[in-house]
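User: I would like to go through this structure with you. Could you take my questions one at a time?
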Amino acid sequence: MLREHVHPLAAIREALSAWFDVGLPVPGPYLYRFKLDPALRSEEEALIASGEIVATGARFVAVRR
């Protein structure tokens with residue numbers, strides 16, 4: 001199953017907060033990672049920006065304590 005590695009963003013943020021000051025998640029591309037051509041990232045970003053698809057990835061910015 002492709003979702004077995006997915007965890008709720010709140011759980012990830014909570015786990016990281018033990019060692020980092022964690023910012024809010026920033027939505028972004030994710031689908032390009034699934035054994036597809038890495039060049040598809042720009043296409044996914046464009047589709048997200050145009051509203052044709054929703055962002056399924058998230059990025060955290062954190063600062064180590």
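User: To begin, how many helices and strands are there in the protein?
Analyst: This is a predicted model. The protein contains 2 helices and 4 strands.
User: And what pattern does the protein follow along the sequence?
Analyst: The order is α-β-β-α-β-β.
User: What percentage of the residues count as buried?
Analyst: Of the 65 residues, 9% count as buried.
User: Turning to contacts between residues at least 6 apart in sequence, what percentage join residues at least 24 apart?
Analyst: Within that set of contacts, the figure is 66%.
User: Now the charged pairs. How many salt bridges does the structure hold?
Analyst: There are 2 salt bridges in the structure. As a general point, side chains of opposite charge can pair when their charged atoms come close.
User: Which residue forms a salt bridge with Asp21, and how far apart are the closest N and O atoms?
Analyst: The partner is Arg65, and the closest N and O atoms of the two residues are 2.9 Å apart.
User: Where do Asp21 and Arg65 lie?
Analyst: Asp21 belongs to strand β1, residues 20-22, whereas Arg65 is in the segment after β4, which spans 62-64. The pair therefore ties together parts that are 44 residues apart in sequence.
User: Are those two residues buried or exposed?
Analyst: Asp21 is partly exposed, with a relative accessible area of 46%. Arg65 is exposed, at 60%.
User: And the other bridge: what is the partner of Arg41?
Analyst: Arg41 forms a salt bridge with Glu45, and their closest N and O atoms are 3.2 Å apart.
User: Where do Arg41 and Glu45 lie?
Analyst: Both residues are in helix α2, which covers residues 40-50. They are 4 residues apart, about one turn of the helix.
User: How accessible are they, Arg41 and Glu45?
Analyst: Arg41 counts as partly exposed at 29% relative accessibility. Glu45 is also partly exposed, with a relative accessible area of 35%.
User: What distance separates the C-alpha atoms of Glu43 and Pro29?
Analyst: The separation is 9.4 Å, for two residues that are 14 residues apart along the chain.

Terms used. Residues numbered from 1 in each chain as written. Predicted model: local features only at pLDDT ≥ 70, side-chain atom pairs only at ≥ 80, totals over all residues. Heavy atoms only, no water. Buried < 20%, exposed > 50% of the residue type's maximum accessible area, 1.4 Å probe, protein only. Contact = heavy atoms within 4.5 Å. Salt bridge = Lys/Arg side-chain N within 4 Å of Asp/Glu carboxyl O.
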